[in-house]
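Colleague: I have a model open and would like to go through it with you. Could you keep it plain?

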Amino acid sequence: MKKLLYLILFPFVLLAQNYPNANIILQKVDDNMNSKNRILESSMVIHGRRSDRTVSSKGYTEDSEKSFTEYLSPERDKGTKMLKLDDRLWIYSPTTDRTIQLSGHMLRQSVMGSDLSYEDMMENRKLKDLYNAKVVAEETLDGRKTWLLELTAKVEDVAYEKRKIWIDQERFVPLKEELYAKSGKMLKKTVMSDVVRMGNRWYPKKINYKDVLKDGEGTDFIVSTIQFDVPIPDYIFSKASLKK
Amino acid sequence: MIQFLLKGILRDKNRSVLPIIIITIGVVLTITLSGFMRGVLGDIINENARFETGHVKVMTRAYAKNKDQLPNDLAILNTQQLTQQLEKQFPAVEWVERIRFGGLLDIPDTTGQSKGQGPATALAVALHSKPSGEITRLNITNSLVSGSIPTQKGQVLVGQIFAEKFNLKIGEEITYIGTTMNGSMTFQNFKVSGTIRFGSAAMDKGFLIMDIADARQLLDMENATGELLGYLKEGAYNDKKAVQMCDKFNVTYLTSKDEFAPIMLRLKEQNNLAGYIDYVDVTSSLFVAIFVFAMSIVLWNTGLLGGLRRYQEFGIRLALGEEKGHIYRTLLYEALLIGIIGSLMGTFIGLGIVYYLQTVGIDISSFLSNASMLMPTVLRAKFTPDLLYIGFIPGLFAMVLGNMLSGIGIYQRETATLFKELEV
């Protein structure tokens, strides 16, 4: 009986051993996607039901706690600035000349009508620090071999309790992601493309975010320029810089 | 004859007191509950019509599909053109533009820092930018708690509960944060010109009223509107007319595949009001039916007891040569008189209670502190002419029916055995 059990389980054991350690994969993904600091110029193409809209911005990020974004266009949004320090977010509006802190459920609202929430924008932490991961399958996406990882939150303050991520086996860049609520309901999908080599890392220049609870084709987040690990003056991450 | 029967009823109280009490109670209950239910339903319909549904409402199909989310990105464009078309097609209807939207209100302190924030639902109507009758329709003047109705650009009214919570004063500035029709972030400072209390918890908590021209600028909705509400000029909601209008308007766009084509919905098709209206109608009818049935059984029983008590009397009357049919008829006339007395008393008392409930009402505000439904905080009854007969006729009918059933026994008496029975 024992022998029979071994015989049945043996192929599964073999199969399981073929998958690499999920934490090592996550570490490599974090190394690609995160950096000590970065300056990013990007545009968001928001696909509406009536028309598309493009919002461009310049963002500065330091560690996972600090980020500063200034919107450059369109005219209506020009001059709007956001500052994130830890889990607090301030928005400066030039029309009212006021700096307003957003908190609570407001952080789950859409940024500029896009499929991204403020919470999505604010999240800079490493996946490895937030989730327990396991490799559950091997799949091919657009001709690229990927590991499918299932992530379960190990900290309380995450926007998505579970994630499924398809990681490029060679470049260790996410190519597709599904984000789930605690209830198991899917909330968002992302598709990464235009993966390019930047120094010693791979990075996707285009990410399509799709809020599955909304109609439409989602929002394309397109990286125009990105600089990793460049010095950023401290004053950028102060409330005073919002009004400058 | 009537005088004779009346004397009988008044002198022999055993014959009349119990049936009169039963009928009175039944009629009082029927009138009070009918008046109360109609009053509450009428108030709910009125409140919804004034603030949300109109008698009919025109939106784009896409907006109508998600209307609870107030999707102004799917709003009607070229409103002016559509309004002119509607005015031409339905001259008996007054059309008004409304924009409803949600956002965040931030209240700054003297240094410009936030001293409070709260979610707000805003309603934009023509307050001063053009004549529309909205101030009267929404009863804004009477709902003002402090300050005045906006007369200038950049002024708003805020809900009294919200104002109290953040200790807002007239003339203070508040900042609205939200998104435009196109999804851009929008910030605007407004001056509080007054505070309002509509008596509906859902609205008084975080409610903002502004002029539609201000909202258009705020939300980038030039010549656009979320909703076009139609109110019949005759005043009251008329479902038959609303159905005709919707059919006539919607048939024009029946073959259109455009998700932004306009669609007209009547009041009953919105906010689940059809369910409420049907529920109250069914409940009222059911209540009257149960009342008639139950009263008939009770009065039949009373009639049977009376018949037993008057067994000897009927026997003597039959022995004296009175026809069975005549005795049966006098019994029914008697029932009719008792029914009239009971129903009159019941109607009188019932109408009194309805009048009281119409004037004073029942305050349920403490149960509605977290309610999101548009409901009045004071439930009031309403006097309608049908209350004059809605209890009266069943009261009368139940009494007569009860006696008709119990009186059948008269026909079962055998003349041959009468004298034998009377010896007992």
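This is a predicted model: local features need pLDDT of at least 70, side-chain atom pairs count only at pLDDT 80 or more; totals for chains, interfaces and linings use all residues.

**An exposed loop residue**

Modeller: A:Asp97 counts as exposed, because its C-beta atom has 11 C-beta neighbours inside 10 Å.

Colleague: Where is A:Asp97 placed?

Modeller: A:Asp97 is in the loop between strand S5 (88-93) and strand S6 (98-102) of chain A. Helices (H or I, at least four residues) and strands (E, at least two) are DSSP runs, numbered from the N terminus. Phi of A:Asp97 is near 55 degrees, which is a positive value in a residue other than glycine.

Colleague: And what is phi for A:Asp194?

Modeller: Near 55 degrees, again a positive value in a residue other than glycine. A:Asp194 lies in strand S11 (residues 186-198) of chain A. A:Asp194 is exposed, with 11 other C-beta atoms within 10 Å.

Colleague: Which peptide bond is cis?

Modeller: The one from A:Ser73 to A:Pro74, with omega near 5 degrees. A:Pro74 sits in the loop between strand S3 (66-73) and strand S4 (81-85) of chain A.

Colleague: Switching to chain B. How many helices and strands does chain B have?

Modeller: Chain B has 16 helices and 14 strands. Its radius of gyration is 31 Å, well over the 22 Å that the globule rule gives for 424 residues, so chain B is more spread out than a compact globule. The radius is taken over C-alpha atoms, and the rule is 2.2 Å times the number of residues to the power 0.38. Of the 424 residues of chain B, 41% count as buried.

Colleague: Why is S6(B) called largely enclosed?

Modeller: Strand S6 (residues 155-159) of chain B has five of its five residues buried, so the strand is largely enclosed by the rest of the structure.

Colleague: Which strands pair with S6(B)?

Modeller: S6(B) pairs with S8(B) in the parallel sense over five bridges. Three bridges join S6(B) to strand S9 (residues 207-211) of chain B, and these two run antiparallel. Two strands pair if DSSP finds at least two bridges between them. B:Val158 has B:Thr195 as its bridge partner in S8(B) and B:Leu208 in S9(B).

Colleague: Which residues have the most contacts inside the largest nonpolar core?

Modeller: B:Val158, B:Leu208 and B:Ile209, in a core of 129 residues. A nonpolar core is a set of buried Ala, Val, Leu, Ile, Met, Phe, Trp, Tyr and Cys residues joined through C-beta atoms within 7 Å.

Colleague: Last topic: how many residues does each chain give to the contact?

Modeller: Chain B gives 18 residues and chain A gives 17 residues. Two residues are in contact if their C-beta atoms, placed from the backbone, lie within 7 Å. On the side of chain B that touches chain A, S8(B) gives the most, with four residues.

Definitions and conventions. Residues are numbered from 1 along each chain as its sequence is written. Chains are lettered from A and ligands numbered from 1 in the order in which they are written. A residue is buried if 20 or more other C-beta atoms lie within 10 Å of its own, exposed if 12 or fewer, and partly exposed in between; C-beta atoms are placed from the backbone.
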